[in-house]
Amino acid sequence: MDDARSTASTAGGAAPVLPASARAYEHVAGNWPTVVWLDCGSAEPRVRQAWPRIVGSRSQEASSRGTAAGSDGETPRPAPEPALSPAKRPDPAWTPVWDGGTSLPLHVTLTRPFALQQYQIDPFVRAVQAAVARPRTATPSAAAPAAAGAAAGGCAAPVPRPFTAELGALPDVLPSSTGAREFLVLPLVGRGRAAAVACTLAVDRVVRAFGGPPFFDHPKPHVSVAWRLRAAGGAALTSAEGSTDCAKAALPGDADGSASDDSEDGFGVVLARVRVSQVHVRCGDRRFSVPIG
């Protein structure tokens, strides 16, 4: 279909039924689970190489946060662990995504979990293709909303372009949308962070038009590298958790926002770089590749 390439289709047109453990919502007959993402799979060898360092940095941070000094200035002691029944105690070990955490390669997710009806799939892919394509010469009517937003102190909608995604070497932890799991993630840093947000916002407008859930208010582009179960009562990810306004990177780097890679161990602020020139769409087991720009 046009420039979008479909790589698979389901025989008979029946939506596949995923196991309950892999679904973010209850299966409804005729619904096709849909996700849109940016492929960062070529970074996996680098991430595997740095895996002990990634997990170690999170363990050290958790240890420092769990140490509390006594009010009388006595030697700091570990904070008590919350009491959990053995049945509900979460697995403390991180499971790398390449050990069965996802059916996708390392990636940046651009949508929240949602589903499409079969008749919506092709129109949806065409709409995504139009949203991330290089725009024609701007008309006055198209330029007016952006100018009005800038005048009001807001951010004009960024235009998606092919870019180099830089995976930060300093990991973070984010909860899942349901709060049942949490993910160890590598945030995007440098100029590629804003470019990933531009793709997210463009795709989000399409998802909303097709009745899907809106993305988080302040997107925080990242690549999930591991997951684990959360303690009972863990909060779900809210729209308040995200990046800074206008998607400006807040990690150390050059004055223009690009990060450096100059540490002794070779990882520095940037762990890996991946060239991104396509948006990928999966509806059930149908996959499409859509060029950016």
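Biologist: Which residues are linked with Glu182 in a network of salt bridges?

Modeller: Keep in mind that this is a predicted model. Start with the pair of arginine 228 and glutamate 182, whose side chains meet in a salt bridge at 2.6 Å, N to O. That pair links distant parts of the chain, with arginine 228 in strand S11 and glutamate 182 in strand S10, 46 residues apart. The residues linked with Glu182 in the network are Arg228 and Arg230.

Biologist: Is glutamate 182 buried or exposed?

Modeller: The cut-off for buried is under 20% relative accessible area. Glutamate 182 has 12%, so it's buried.

Biologist: Okay, how many residues apart in sequence are the parts that aspartate 122 and arginine 286 tie together?

Modeller: These two form a salt bridge, with the closest N and O atoms 3.3 Å apart. Aspartate 122 sits in helix H3 and arginine 286 in strand S14, so the parts they tie together are separated in sequence by 164 residues.

Biologist: And where do glutamate 44 and arginine 48 lie?

Modeller: Their side chains meet in a salt bridge, 2.7 Å from N to O. The two are 4 residues apart, about one turn of the helix, and both lie in helix H1.

Biologist: Back to H3: how many nonpolar residues does its contact with H5 have?

Modeller: H3 and H5 pack at about 145°, with axes 9 Å apart. H3 brings Phe124, Ala127, Val128, Ala131 and Val132, while H5 brings Ala202, Val203, Val206 and Val207. No polar or charged residues take part, and the nonpolar count is 9.

Note on methods: Residues are numbered from 1 along each chain as its sequence is written. This is a predicted model: local features need pLDDT of at least 70, side-chain atom pairs count only at pLDDT 80 or more; totals for chains, interfaces and linings use all residues. Side-chain values use heavy atoms; hydrogens and water are left out. Axes are lines fitted to C-alpha atoms, for helices over the stretch in contact, and angles run from 0 to 180 degrees between N-to-C directions. Contact means heavy atoms within 4.5 Å. Ala, Val, Leu, Ile, Met, Phe, Trp, Tyr, Cys and Pro count as nonpolar, Asp, Glu, Lys and Arg as charged, and the others, Gly among them, as polar. A salt bridge is a side-chain nitrogen of Lys or Arg within 4 Å of a carboxyl oxygen of Asp or Glu. Buried means under 20% relative accessible area, exposed over 50%, partly exposed in between (1.4 Å probe, protein chains only).
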